[in-house]
Amino acid sequence: MFAHHQQGGRLMLLKIILIVILVAIAWYLYKRTQAVAKQELHKSSSSTQPSQTTSSADLPPKVEPSQPVTASTAKASQAAPSVDQVTETSETTAEQVNPVEVNDVDAKEADVTVPKVEAESPPLEPEPQKAATTDKAVANTPKDTQSHLLSLPTVKGDWASDSFAQLVNTANVANDPQSQHDALASVINHCYKMRKQNDYCQYGAKLELTYLDLFRAVYQQQVAHDDASDLKAPAFMQLSTLLNDTGQFEKAISVCQQAIEYQLTDGTVTGFEGRINRIEKAKAKAS
């Protein structure tokens, strides 16, 4: 009987302990819920205060009834600018008179100043460079080929054939360096073929400087178009022969040396080097 009573007392004690635990848990949850609710309420109140302030700031100012708006007052307000307008106008004028460097945001706001700088910017510089290049090319072009005709000596006497006079006339009326070169080379070639006659030999020898200057201009054009390797100039060989036959040995050697500089050939095995040796021998024999 006593054991049964003791067991019942233990069960009662366990129930009391369980009830106390449940009450403690419920109390803890209640307090936790209140704390969370207070935090949410505080956040919502802090977030609504700026919006209320902004909305109240955006409201237009109230017109006091003690100062009624009349037609004269409205005209006076339109005629007299406000302090803010005067300040903005002075700042804009200062920016136009003394422009300063601005960042991207300032450039967007100062739309008046930035376009003026772009409109007054100096022109680009390729044009002066082109002009300088053109001037340099004209300076390097021989005087006899700068957009004017040749002036070969007039053919006088019965020694000149009609065909030869026609060749000279063709060279004189040619109006571009390439045409002038080809026509002048034909005149020199005719003199070379007729070199046994002293008049033809003398006439052809006088064309030395004219041809060398003209060839230089044509050679520069060919180099600019990468065609100089195919350039043929038999007139160098013919001029050196005409000069040699008229006793102008130094000029004949100079013509051969220039042909070597242009990497030309005279069609012989020894080339212009061998021709220079033969001219020097003729010079020594003549002296």
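What covers the buried residues of helix 10? Start there, and keep in mind that this is a predicted model, where local features need pLDDT of at least 70, side-chain atom pairs count only at pLDDT 80 or more, and totals for chains, interfaces and linings use all residues. Residues are numbered from 1 along each chain as its sequence is written, and side-chain values use heavy atoms, without hydrogens or water.

**Stop 1: helix 10.** Select 208–224. Helices are DSSP runs of H or I, at least four residues, numbered from the N terminus. Its buried residues (under 20% relative accessible area, 1.4 Å probe, protein chains only) include E208, Y211, F215 and Q222. The cover includes helix 8, helix 9, helix 11 and helix 12.

**Stop 2: Y211.** Show its contacts, meaning heavy atoms within 4.5 Å. Beyond neighbours within four places in sequence, Y211 touches H181, L184, A185, I188, A233, A235, F236 and L239.

**Stop 3: the core.** Y211 and F236 have the most contacts inside the largest nonpolar core, which has 41 residues. Such a core joins buried Ala, Val, Leu, Ile, Met, Phe, Trp, Tyr and Cys residues through side-chain atoms within 4.5 Å. Helix 8 (177–193) and helix 13 (271–286) are among the helices that each supply at least two residues. Helix 8 gives the largest share, 7 residues.

**Stop 4: the cysteines.** Select C191 and C201. Their sulfurs are 8.5 Å apart, too far for a bond. C191 is buried at 0% relative accessible area, and C201 is buried at 3%. The structure holds 0 disulfides, a disulfide being a pair of cysteine sulfur atoms within 2.5 Å.

Note on methods: Buried < 20%, exposed > 50% of the residue type's maximum accessible area, 1.4 Å probe, protein only.
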